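Trainee: Could we go through this model together, setting each term against the definition behind it?

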Amino acid sequence: MINWPHENAVARRKLGVPAEWTIYSLEILDDGNYLAKGAIEGTTVAGKKKWMGREKVATIAPAELREERMRYERTTGKCHYCLGEGKVAAKWERDVGTTYATCKRCLGTGQAKEVTP
Ligand SMILES: [Zn+2]
């Protein structure tokens, strides 16, 4: 599961950073905008994940996020909510693992909707 795919896309574009740059902290500010903090995600020689380089911060407006979701659907033809999976993680239990539910936006088809959210 990818965390914040559309937020990452907006932040990468605004900051002009490569696809390896990934958000590790996302908070909602009092004015309704999002504050995204991230860095380049790399791996150590031992194969462990590691944050590299300096932290970069981007502010994302809700409108920019809506635009990105629509752009994603136009360019991929996939539902922006489930990323074309048709299902979303509903809950996680230690013995069972992740339980999925049918995506409410595309009703399980994974296809982009014609209407705006
Ligand atoms: Zn969906």
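Trainee: How many residues of domain 1 are in contact with domain 2, and what makes a pair count as a contact?

Mentor: Eight residues of domain 1 are in contact with seven residues of domain 2, where a contact requires that the C-beta atoms of two residues, placed from the backbone, lie within 7 Å. The side of domain 1 that touches domain 2 takes two or more residues from each of α1 and α2, and α2 gives the largest share, six residues. By class, this side holds three nonpolar, two polar and three charged residues.

Mentor: Please keep in mind that this is a predicted model, in which local features need pLDDT of at least 70 and side-chain atom pairs count only at pLDDT 80 or more, while totals for chains, interfaces and linings use all residues. Residues are numbered from 1 along each chain as its sequence is written.

Trainee: What are the bounds of the two domains, and where do they come from?

Mentor: Domain 1 covers 5-76 and domain 2 covers 78-117, with bounds that come from an automatic or database domain assignment. Their centres, taken over C-alpha atoms, are separated by 21 Å.

**Helices and the core**

Trainee: Which residues of α1 are called buried, and why?

Mentor: In α1, residues 5-15, the buried ones are His6, Asn8, Val10, Ala11 and Arg12, and they bear that name because each has 20 or more other C-beta atoms within 10 Å of its own. They pack against β1 (21-28), β2 (34-43), β3 (49-60) and α2 (62-76). Over the protein chain, buried residues make up 17% of the 117 residues.

Trainee: What makes a group of residues a nonpolar core, and which residues form the largest one?

Mentor: Its members must be buried Ala, Val, Leu, Ile, Met, Phe, Trp, Tyr or Cys residues joined through C-beta atoms within 7 Å, and the largest such set has seven residues: Val10, Ala11, Ile23, Tyr34, Ala36, Ala58 and Ile60. Two or more of them come from each of α1, β2 and β3. Not counting residues up to four places away in sequence, Ala58 touches Ala11, Lys14, Leu15 and Ala36.

Trainee: Is strand β4 in the open or buried, and how do you know that?

Mentor: Of its seven residues (87-93) the number buried is zero, so β4 lies largely in the open.

Trainee: What makes β4 and β5 a pair?

Mentor: Pairing requires that DSSP find at least two bridges between the strands; six bridges join β4 to β5 (residues 97-102), and the two run antiparallel. A hairpin of three residues connects them, and Lys91 stands opposite Thr99 in β5.

Definitions and conventions
A residue is buried if 20 or more other C-beta atoms lie within 10 Å of its own, exposed if 12 or fewer, and partly exposed in between; C-beta atoms are placed from the backbone. Helices (H or I, at least four residues) and strands (E, at least two) are DSSP runs, numbered from the N terminus. Ala, Val, Leu, Ile, Met, Phe, Trp, Tyr, Cys and Pro count as nonpolar, Asp, Glu, Lys and Arg as charged, and the others, Gly among them, as polar.
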